[in-house]
Amino acid sequence: MSTQKVVQGEGKCPARWMLIGERPGQEEASKGRPFVGKTGREQDGHFARNGMSRRDGWITNVCPTYLPGNPAPTSEETEQWKPYLEEQIRVVSHKFIIAVGNHAVQYFLGE
C-alpha cells in the first residue's frame, strides 16, 4: 500500500488569480503547503518581478497527493481529483489561471 499525503490548496478567496500545478513534491508534503519547495520559490520570484505576490492568489494542484518519487499524475488520478479542483476553481472566483507544468496545461487544453 502506498502512502499518499494530500496537500490542500491555499490562498486568498476570492483571489485575483489561481496557480495550478501538477502535484506536490516532497517538501510540500512535509510542510503541508503547495509550492513551497524549489519550484515555489522560483514562482515567488516570477511573481515579484511582475508586481504580484502569492498573498494575492490561490495555489493548488491538479492532483493534490504526494507520492514517493513524485511521479507525474496519471489520467486516472486527474479524473479522480477533477471534482475537487473544479470546486476550487468555482469557489475562488479568480480573474485568471496560471497553469504550471504539462499536466496542468493539458487539464485545460486537452492532449
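Buried means under 20% relative accessible area, exposed over 50% and partly exposed in between, as computed with a 1.4 Å probe on protein chains only. The views below show a predicted model, in which local features need pLDDT of at least 70 and side-chain atom pairs count only at pLDDT 80 or more, whereas totals for chains, interfaces and linings use all residues. Residues are numbered from 1 along each chain as its sequence is written, and side-chain values use heavy atoms, with hydrogens and water left out.

View A. Helices (H or I, at least four residues) and strands (E, at least two) are DSSP runs, numbered from the N terminus. Strand 3 (17-21) is mostly covered, with five of its five residues buried. Trp-17, Leu-19 and Gly-21 point one way from the strand, while Met-18 and Ile-20 point the other way. Two strands pair if DSSP finds at least two bridges between them; strand 3 is joined to strand 4 by five bridges and runs parallel to it, and four bridges join strand 3 to strand 6, again in a parallel arrangement. Gly-21 stands opposite Asn-61 in strand 4, and Met-18 has Ile-97 of strand 6 as its bridge partner.

View B. A nonpolar core is a set of buried Ala, Val, Leu, Ile, Met, Phe, Trp, Tyr and Cys residues joined through side-chain atoms within 4.5 Å. The largest one has 10 residues, namely Ala-15, Met-18, Ile-20, Trp-58, Val-62, Leu-85, Ile-89, Val-92, Ala-104 and Tyr-107. Strand 3, helix 3 and helix 4 (102-109) each supply at least two residues of this core, and helix 3 gives the largest share, three residues. Leaving aside neighbours within four places in sequence, Met-18 is in contact (heavy atoms within 4.5 Å) with residues including Trp-58, Gln-88, Ile-89, His-94 and Phe-96. Another core, of seven residues, lies apart from the largest one and has Trp-17, Leu-19, Phe-47 and Met-52 among them.

View C. Helix 3 has 18 residues and reaches 24 Å from its first C-alpha to its last, close to the 26 Å expected at 1.5 Å a residue, where the expected span is 1.5 Å times one less than the number of residues. The helix bends by about 50° at Lys-82, and a proline, Pro-83, follows within four residues; the bend is the angle between axes fitted to the seven residues ending at a residue and the seven starting there. Glu-77, Thr-78, Trp-81, Leu-85, Gln-88, Ile-89 and Val-92 are buried in helix 3, and what covers these buried residues includes strand 1 (5-6), strand 3, strand 5 and helix 4.

View D. Most residues other than glycine have a negative phi, and most peptide bonds are trans. A cis peptide bond, with omega about 0°, joins Cys-13 and Pro-14, and Pro-14 lies in the loop between strand 2 (10-11) and strand 3. Phe-35, although not a glycine, has a positive phi of about 55° and lies in the loop between helix 1 (26-31) and helix 2 (38-49); Phe-35 counts as buried because its relative accessibility is 9%. Asn-70 has a positive phi near 50° in the loop between strand 5 (65-66) and helix 3 (75-92), and counts as partly exposed because its relative accessibility is 37%. Just after helix 3, Ser-93 takes a positive phi of about 55°.
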